[in-house]
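Subject: Structure handover

Hello,

Here is the structure I promised to pass on. Please open it and keep it beside you while you read.

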Amino acid sequence: MMMRVVLVLLLLLSAPDLASAASLSSLQQEGAAALDAARTAITGGEGDLAAGRYQQALERFNQALLSYNEALIPGPEKNEAMMGKGNAYLGLGRYPEALSSFSLVLDAMPGKSDPLTGKGDALLGMGRYEDALAAYNQALDVSRSDPSLYIRKGRVLLLSERFSGALDAFGHAVKLDPDTARGWAGTGDALAALQRHAEAVPAYQRAVTLSPSLQEAWSGAGRSLWILGRYEESLDAYDHALALNSGDLRAAEGRETVVSLLSRYHQAVAASDST
């Protein structure tokens with residue numbers, strides 16, 4: 001009889017520990033499920049970003065952040081989802097919200113290149129060129145060998161009308177990666193802005209050789225060739241640009257001007273031949 005009483009007492013005393021263990025196991029399972037859901041959402045969001053589906057990407061990254069919150073994961077673990085959210089906002093042109101997302105990542109990971117680059121992109125979209133340049137320079141302090149950062153720096157310097165500085169930045173990009181089409185297109189833009197059109201044309205030609213679908217390089221080449229009086233080549237470049245983007249008003253206007261100049265040239269030649 002005494003033995004039975006002891007066994008009952010032991011079972012009663014151990015019951016809370018068993019309940020706690022079961023509760024802990026349940027929480028662990030829920031946390032693991034939330035983490036899996038977050039990772040799945042991030043993978044899907046990255047695919048949406050690559051495909052240009054920015055609204056869908058934003059929704060997936062928000063879902064990932066909700067899942068991380070449910071799993072009680074601390075802030076630094078959420079950075080990948082927050083970076084994706086910032087990039088989705090960039091794609092949607094929602095630059096202040098993108099800036100906020102990248103700033104949150106930088107709060108958790110100060111001095112990291114990717115969120116600094118995203119911050120620069122957001123500031124550039126907001127027209128805050130000096131602040132964007134500062135962010136890109138900070139990113140370059142971390143990643144000196146990244147040609148895309150020099151291209152970004154070159155673009156913001158072009159927009160700030162600091163053409164020699166832009167040329168230097170694009171020069172660094174093509175030195176690091178001779179096959180960067182955007183680096184060569186930027187070089188052409190900087191040379192054209194400096195009125196060095198004879199040098200700009202080979203840079204543009206290099207860009208479209210590397211990337212035949214790089215519309216802005218065809219358009220830039222069309223303008224430089226026009227200024228150099230190489231009208232037939234200019235017309236061909238403008239035709240390529242407009243085939244890639246029929247809504248490029250600058251290329252359309254340039255083409256119209258070149259057609260007019262060619263017509264006048266042929267009329268002059270015909271009149272000369274008839275005399």
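Below are notes on a helix pair and then on a pocket.

Please keep in mind that this is a predicted model.

**The helix pair**

Start with helix 7, residues 147–159. Then find helix 9, residues 181–193. Their axes come within 10 Å. They cross at roughly 25°. Angles under 35 degrees count as roughly parallel, so helix 7 and helix 9 are roughly parallel to each other. The crossing of the two is left-handed.

Which residues of helix 7 and helix 9 make the contact? Helix 7 contributes Ile151, Arg155 and Leu158. Helix 9 contributes Arg182, Gly183, Ala185, Gly186, Asp189, Ala190 and Ala193. Sorted by class, this contact has 5 nonpolar, 2 polar and 3 charged residues.

**The largest pocket**

Now move to the largest pocket. It holds about 310 Å³ of space. Its lining is made of 17 residues. Closest to the centre are Asp189, Ser219, Gly220, Arg223 and Arg250.

Which helix gives the most to the lining of the largest pocket? Helix 11 does, with 6 residues. Helix 11 spans 215–227. By class, the lining divides into 6 nonpolar, 5 polar and 6 charged residues.

Best wishes

Note on methods:
Residues are numbered from 1 along each chain as its sequence is written. This is a predicted model: local features need pLDDT of at least 70, side-chain atom pairs count only at pLDDT 80 or more; totals for chains, interfaces and linings use all residues. Side-chain values use heavy atoms; hydrogens and water are left out. Axes are lines fitted to C-alpha atoms, for helices over the stretch in contact, and angles run from 0 to 180 degrees between N-to-C directions. Helices (H or I, at least four residues) and strands (E, at least two) are DSSP runs, numbered from the N terminus. Angles under 35 degrees count as roughly parallel, over 145 as roughly antiparallel, 65 to 115 as roughly perpendicular and the rest as oblique. A crossing is left-handed if the near helix is turned anticlockwise from the far one by less than a right angle, and right-handed if clockwise. Contact means heavy atoms within 4.5 Å. Ala, Val, Leu, Ile, Met, Phe, Trp, Tyr, Cys and Pro count as nonpolar, Asp, Glu, Lys and Arg as charged, and the others, Gly among them, as polar. On a 1 Å grid over the protein atoms alone, a cavity is a set of points where a 1.4 Å probe fits but cannot get out, and a pocket is an open set with protein on both sides within 12 Å along at least five of seven lines; lining residues have an atom within 4 Å of a point. Grid points are joined across faces, edges and corners, and a volume is the space filled by probe spheres set on the points.
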